[in-house]
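The report below is meant for someone meeting this structure for the first time. Please look over the sequence and the model before reading on.

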Amino acid sequence: MSSLRRYNVGVDANGSAPTNTVRVRLFAGLREAVGQPEILVVLPDGATVAELRDRIGEAYPVTQALLPIVVFAVDEEYVDADHRLRDGDEVAVIPPVSGGARV
Amino acid sequence: MFEVTRDPLDPAPLVAAVRRDESGAIALFYGVVRNENLGRRVQYLEYDAYPEMAVKKMNEVADEVRAKFAISDMGVLHRIGRLEIGETSLLVAVSSPHRAEAFEACHYAVDRIKQIVPIWKKEVWEDGSEWIEGYVPDVPGRTLSS
């Protein structure tokens with residue numbers, strides 16, 4: 001856990017607004033760009049997947065070129081950009097997939 | 001049998017797992033690492049996966065295949081990590097009473113695996129490397145615009 005960085009983004013300075021903390025798993029080019037396989041992100045209560053994507057791009061500008069083509073999965077299921085995140089969700093950032101031996 | 005593994009793939013246990021007494025045919029697909037892509041010489045491939053979700057999506061592909069084709073059973077093994085030229089990255093086995101369904105279902109399964117299973121590959125060339133962007137998986141209500 002010590003390798004995880006925590007971002008208090010979108011939270012007021014007093015920390016009084018309700019927040020959700022989500023564990024974000026990164027793969028392939030995003031994992032390499034960020035330099036670690038997971039990050040923790042603190043979001044305002046009710047934040048959507050689209051807002052999470054924006055926060056990741058702000059915290060890691062190097063990911064901004066990759067983020068427009070990713071989709072997200074929550075608890076191992078693909079979700080759309082309007083999906084609202086809950087505290088403790090495991091969110092995976094899924095770049096275009098390319099299993100098998102050729103595209 | 002649906003697995004993501006770092007170990008070399010062995011088809012024998014997979015074939016044994018999908019065989020049923022009513023199976024008159026088993027189609028077995030190998031995805032193999034080749035030495036070039038789009039005119040560039042590939043030295044090796046590096047695969048990454050979200051293993052728990054990959055296994056879940058492999059099972060969903062199998063559910064789709066069972067709904068479309070009269071198969072007995074199917075299984076999928078995908079290797080991750082560094083793979084050299086000639087090594088097997090993917091094995092898909094489909095058993096069915098008759099061969100036509102086994103061939104068709106295996107073809108369909110391989111296509112769907114490449115579309116929705118969260119696995120990625122990086123091509124490594126002499127002078128660089130790149131994570132290959134294949135398919136953007138279908139998302140319910142798909143509205144991911146930036």
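## Helices and sheet in chain B

In this predicted model, helix α3 of chain B, which spans residues 99-116, lies across β2, β5 and β7 (88-96) of chain B and runs at about 145° to β7(B). The sheet of chain B is an open one, built from four strands in the order β1-β5-β7-β2 with mixed pairing. Because β1 (2-5) and β2 (25-32) of chain B stand at the edges, each with a single partner strand, one side of each has no neighbour in the sheet. From one strand to the next, the twist averages 5°.

Strands β1(B) and β5(B), the latter covering residues 73-79, pair in the parallel sense over four bridges, and within β5(B) it is H78(B) that stands opposite V4(B). Helix α2 of chain B (residues 51-68) packs on the sheet, where it touches β1 and β5 of chain B.

| Helix | Residues | Strands of chain B | Angle |
|---|---|---|---|
| α2(B) | 51-68 | touches β1 and β5 | about 150° with β1(B) |
| α3(B) | 99-116 | lies across β2, β5 and β7 | about 145° to β7(B) |

## Core and chain A

Which residues touch the most other members of the largest nonpolar core? Of its 65 residues, they are L52(A), F72(A), M74(B), V92(B), V94(B) and A109(B). Leaving aside residues up to four places away in sequence, A109(B) touches V61(B), V65(B), M74(B), V92(B) and V94(B).

Chain A contains two helices and six strands, which follow one another from the N terminus as β-β-α-β-α-β-β-β. Of the 103 residues in chain A, 36% are buried.

Methods. Residues are numbered from 1 along each chain as its sequence is written. Chains are lettered from A and ligands numbered from 1 in the order in which they are written. This is a predicted model: local features need pLDDT of at least 70, side-chain atom pairs count only at pLDDT 80 or more; totals for chains, interfaces and linings use all residues. A nonpolar core is a set of buried Ala, Val, Leu, Ile, Met, Phe, Trp, Tyr and Cys residues joined through C-beta atoms within 7 Å. A residue is buried if 20 or more other C-beta atoms lie within 10 Å of its own, exposed if 12 or fewer, and partly exposed in between; C-beta atoms are placed from the backbone. Two residues are in contact if their C-beta atoms, placed from the backbone, lie within 7 Å. Two strands pair if DSSP finds at least two bridges between them. Axes are lines fitted to C-alpha atoms, for helices over the stretch in contact, and angles run from 0 to 180 degrees between N-to-C directions.
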